[in-house]
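Please keep the sequence and the structure in view while reading.

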Amino acid sequence: MDISIIIVNYRGWKALQECLESIDTIISKTFSFEVIIIDNFSNDGQFPVFKQKYSKFTFIENSGNNGFSNGCNFGASIATGNHFLFLNPDTKLTLEALETLLQTAVSHPEIGILSCLQINENNVFYKQNNLFPALGRFFGISRSLFRKLNKAKLERRFNNDNNLFHPDWVTGAVIFISREWFNKINGWNEDYWLYFEDVDLCKKIHDTGGKVAVTRKATIFHQHGGASRLNVKTKALTKTEVIISKHVYISNQFSTGIQLYLHSVLILGVLSEKIILTILSLFLFFIPKLKVNRLILKNLSVYYFNAIQKQTWISPRAMNYLKTKA
């Protein structure tokens with residue numbers, strides 16, 4: 001098998017249906033591929049329906065909502081392809097894009113992770129000039145200042161006329177990687193439950209001597225955020241996990257002294273903001289969006305108490321958290 005397309009789903013059935021319909025039309029005489037859908041225990045009755053409807057694809061139900069990294073690793077563990085395409089359910093794939101990704105990866109073995117251009121429902125291309133978080137550009141203001149001061153250099157890097165350009169990292173929505181590279185970096189890091197796992201994956205490729213690249217010769221539709229933010233409670237959960245994953249990334253990628261500084265600044269900044277917005281929400285109760293901040297503050301309070309008690313920044317939802325309890 002040339003390519004294993006691996007899709008991790010959690011109650012994103014409408015988007016997944018459109019994604020699978022796009023894949024179902026792909027017929028190639030030059031390469032073979034399989035499709036594996038890992039459902040993170042949606043438990044809403046749709047799994048058997050989809051499994052029957054798309055019987056030529058492989059559907060596997062996970063033991064729980066174990067996170068994106070775990071789902072990807074689970075899919076890779078049963079895949080038979082020489083290359084893996086990790087694909088979000090809120091995307092649409094074409095034969096041309098799949099063919100381009102395979103040809104580019106084969107002709108450039110130095111590329112550990114390959115992605116392509118992504119366009120949304122408004123025909124707007126996503127910016128893919130991502131830089132690794134660093135001490136001088138970890139937070140929003142410092143990151144914006146860094147980009148402004150290095151604008152000319154970054155424009156030369158990302159706006160060249162080559163078919164390939166090289167950001168530090170690419171979104172997990174579209175990641176093409178050979179089995180060899182995947183095994184070399186030991187797959188996805190299950191310290192993360194959701195968010196920043198793609199940054200971590202690309203950092204491992206970089207640290208192992210590989211390149212991260214985006215090809216301009218292929219474009220995939222991606223409805224950003226369509227698979228994760230379904231209601232106020234879910235939105236609060238996902239926004240909380242963004243913050244948690246920042247703590248996990250800090251603990252995985254920085255030295256002890258820098259960790260202490262970044263963790264402290266992040267905690268003070270986030271708690272100050274959420275406390276102020278929570279107080280405002282008590283007076284401006286007619287603005288539903290402010291309720292999200294109350295839920296985030298509650299979630300973070302539980303998380304920080306747990307982090308102190310258990311001596312770990314890993315999300316309690318992440319699979320590797322279970323190992324810290326053993």
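## One residue and its neighbours

In this predicted model, phenylalanine 84 touches Ser4, Ile6, Ala76, Ala79, Ile175, Phe176, Ile177, Arg179 and Phe182, when residues up to four places away in sequence are not counted.

## The nonpolar cores

Phe84 is also one of the residues with the most contacts inside the largest nonpolar core, which has 54 residues, and Phe86, Ile113, Ile175, Ile177, Trp188 and Tyr249 are the others named in that group. Helix 9, which covers residues 232-253, gives the most to this core, contributing six residues. There is also a second, separate core of 35 residues, and among its members are Leu87, Leu98, Leu114 and Cys116.

In soluble globular proteins, nonpolar side chains tend to be buried together. Across the chain as a whole, buried residues make up 49% of the 326 residues.

## The chain as a whole

The chain contains twelve helices and nine strands. Its radius of gyration is 20 Å, close to the 20 Å that the globule rule gives for 326 residues, so the chain is as compact as a globular protein of that length. Of the contacts with a separation of 6 or more, 75% are between residues 24 or more positions apart.

## Surface and charge

The chain exposes about 16400 Å², and carbon and sulfur atoms supply 56% of that area. Among the side chains, 37 are positive and 25 are negative, and the centres of these two sets lie 9 Å apart.

Note on methods: Residues are numbered from 1 along each chain as its sequence is written. This is a predicted model: local features need pLDDT of at least 70, side-chain atom pairs count only at pLDDT 80 or more; totals for chains, interfaces and linings use all residues. Side-chain values use heavy atoms; hydrogens and water are left out. Helices (H or I, at least four residues) and strands (E, at least two) are DSSP runs, numbered from the N terminus. The radius of gyration is taken over C-alpha atoms; the globule rule is 2.2 Å times the number of residues to the power 0.38. Buried means under 20% relative accessible area, exposed over 50%, partly exposed in between (1.4 Å probe, protein chains only). Contact means heavy atoms within 4.5 Å. Accessible areas come from the Shrake-Rupley method with a 1.4 Å probe; for residues, only the protein chains shown count as cover. Lys and Arg count as positive and Asp and Glu as negative; His and the chain ends are not counted. The place of a charge is taken as NZ of Lys, CZ of Arg, CG of Asp or CD of Glu. A nonpolar core is a set of buried Ala, Val, Leu, Ile, Met, Phe, Trp, Tyr and Cys residues joined through side-chain atoms within 4.5 Å.
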